[in-house]
Amino acid sequence: MSLRMILALSLFVVSFILISTEKINKTLVAIIAAMLFISMGLIDQQEAFYHVDWNVIFLLIGMMIIVGITKNTGLFQYIAIWTAKAVKGDPVKILIALAMITAVLSAMLDNVTTILIITPVSILIAVELGISPAPFVISNAIASNIGGTATLIGDPPNIMIGSAVGLSFMDFLVTLGPVVLLTLLALSLLIFLFFRKQLQVSKQRRGRIMEFNEALSIKNKPLLIKSLSVLSLVFIGFLLHELTGIEPATVSLFGAAVLMLISGAEAGEEFFHEVEWTTIFFFIGLFVLVGTLEELGIIEMLAGRVMSLTRGDVAVTSIVVIWMSGVLSALVDNIPYVATMIPLVENMGETMGAVAVMPIWWSLALGSCFGGNGSLIGASANVVGAGISARSGYKISFLQFTKYGVVVTFVSLLISTAYIYLFVL
């Protein structure tokens with residue numbers, strides 16, 4: 001290994017640790033490290049920017065704008081309150097129902113956005129019931145990571161994998177939808193076993209929930225109609241990707257631009273505030289870091305090591321990737337982990353063949369998304385949910401989240417292993 005390779009790998013490992021521990025803002029770490037790589041001559045600036053996956057960047061920006069505008073209509077609060085009333089204020093049923101709704105919304109939008117929307121309403125419902133919001137916050141975060149696994153746009157690792165391999169919205173839905181449904185059924189049972197004793201409330205408390213008027217949640221009906229119309233067209237665009245050849249990023253940005261236009265062009269600048277620019281720049285920095293390792297041949301070397309350990313057996317490699325991804329994604333943020341793994345699997349594909357490595361891609365998606373439930377820091381949705389809860393006065397500790405998340409992750413990975421072995425390989 002050359003001096004340049006050692007230097008790049010050392011800087012990358014330090015950056016990875018800093019990003020995972022979040023002692024310093026992860027976006028700043030990614031950008032500073034990326035600029036250091038360029039400044040030190042480890043990669044040329046033009047090559048560095050070439051490695052930024054703009055399909056991922058623009059897909060995220062478009063969806064952030066669309067969801068941000070839709071959020072202002074009050075639609076998601078309406079859904080949560082309506083659900084709580086539909087199950088007659090029964091806290092266990094509310095908990096499971098909200099978790100399932102969170103999973104579905106995470107598949108259609110993205111898991112972090114869904115958590116930002118659902119968590120405050122869940123806390124309000126828990127407070128009105130006179131119980132701790134912790135079971136709601138934890139269950140919603142876990143469900144969001146599982147539900148987001150089903151589609152191209154549900155979880156950032158899927159967006160990255162889909163863009164790298166050229167997988168469509170339907171590819172994800174058809175291949176991973178069944179295993180996600182099985183895992184959600186298992187989650188429902190686990191939620192019941194975990195929290196049923198903590199959710200005992202009086203009839204009067206249930207009555208308070210029944211007094212909520214969900215209709216008051218809708219703040220802007222004309223905007224709601226426009227938002228739902230555009231969202232529907234965007235999803236149709238995603239589904240028809242293979243037929244039209246139009247990339248998801250183009251569909252997403254076009255939908256965002258149309259929705260901004262019909263929602264009030266004079267407020268256009270305001271709509272751009274809905275974009276989480278820190279997340280966007282985090283991705284850009286991350287792509288440069290991983291691109292540098294790829295250019296220096298480090299990824300190729302690591303791929304060779306993995307191939308030698310598994311002897312090029314697709315079944316063994318797929319199962320190893322599921323469990324390795326599950327464990328590592330529980331310990332570190334799954335986004336930088338997947339960014340590192342993508343060129344590694346691509347390199348395997350050059351040796352084994354693009355079709356032969358497809359089960360490995362699906363294993364990476366399942367392991368990294370499901371593994372994010374393994375600890376509080378495993379996925380962005382977990383951190384965001386816990387942060388909202390803490391700001392509302394209900395702190396959720398690392399251990400409190402993790403003792404439930406580890407069990408769910410273990411069960412999820414078992415289901416994933418059986419599914420990949422029986423139906424994908």
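Before anything else, I noted what buried means here: under 20% relative accessible area, with exposed over 50% and partly exposed in between (1.4 Å probe, protein chains only).

**Ground rules.** I am working from a predicted model, where local features need pLDDT of at least 70, side-chain atom pairs count only at pLDDT 80 or more, and totals for chains, interfaces and linings use all residues. Residues are numbered from 1 along each chain as its sequence is written, and side-chain values use heavy atoms, with hydrogens and water left out.

**Overall look.** I counted elements and got 22 helices and 0 strands in the protein chain; helices (H or I, at least four residues) and strands (E, at least two) are DSSP runs, numbered from the N terminus. The radius of gyration is 22 Å, close to the 22 Å that the globule rule gives for 425 residues, so the chain is as compact as a globular protein of that length. For that I took the radius over C-alpha atoms, with the rule being 2.2 Å times the number of residues to the power 0.38. Along the principal axes, the C-alpha atoms fill a box of roughly 70 × 50 × 45 Å.

Of the 425 residues, 56% are buried. The accessible surface comes to about 17900 Å², and carbon and sulfur atoms own 67% of it; the areas come from the Shrake-Rupley method with a 1.4 Å probe, and for residues only the protein chains shown count as cover. I also looked at contacts (heavy atoms within 4.5 Å). Among those between residues at least 6 apart in sequence, 82% join residues at least 24 apart.

**Charges.** I found 21 positive and 25 negative side chains, with the centres of the two sets 20 Å apart. Lys and Arg count as positive, Asp and Glu as negative, while His and the chain ends are not counted. Each charge is placed at NZ of Lys, CZ of Arg, CG of Asp or CD of Glu.

**The core.** Which residues touch the most other members of the largest nonpolar core? They are Ile125, Phe136, Ile161 and Phe238, in a core of 140 residues. Helix H4 (residues 54-71) supplies the largest share of this core, 11 residues. A nonpolar core here is a set of buried Ala, Val, Leu, Ile, Met, Phe, Trp, Tyr and Cys residues joined through side-chain atoms within 4.5 Å. I then followed isoleucine 161: leaving out residues up to four places away in sequence, its contacts are Leu167, Phe172, Val338, Ile342, Trp361, Leu364 and Ala365.

**Helix H22.** This one runs over residues 398-424, and its buried residues include Phe401, Tyr404, Val408, Ser412, Tyr419 and Ile420. What covers them? I listed helices H8 (134-148), H10 (169-195), H18 (314-331), H20 (358-371) and H21 (380-391) among the cover.

**Serine 139 again.** Serine 139 sits in helix H8. Beyond its neighbours within four places, serine 139 is in contact with Leu95, Ala99, Ile191 and Phe195. Its C-alpha is 27 Å from that of valine 320, 181 residues along the chain.

**Glutamine 77.** I found glutamine 77 in helix H5 (residues 75-86). Glutamine 77 is partly exposed, at a relative accessible area of 22%. Past the four-place neighbours, glutamine 77 is in contact with Lys71, Val121 and Ser217.

**Lysine 88.** Lysine 88 is in the loop between H5 and helix H6 (91-108). Buried or exposed, I asked, is lysine 88? At 58% relative accessibility, lysine 88 counts as exposed. Its phi is positive, about 60°, although lysine 88 is not a glycine. Most residues other than glycine have a negative phi.

Glutamate 128 lies in helix H7 (residues 111-129) and is partly exposed, with a relative accessible area of 22%. Not counting residues up to four places away, glutamate 128 touches Arg205, Arg208, Ile209 and Phe212. Glycine 207 is 79 residues from glutamate 128 in sequence and 9.6 Å away in space, C-alpha to C-alpha. Glutamate 300 is in helix H17 (residues 298-310) and counts as exposed at 51% relative accessibility.
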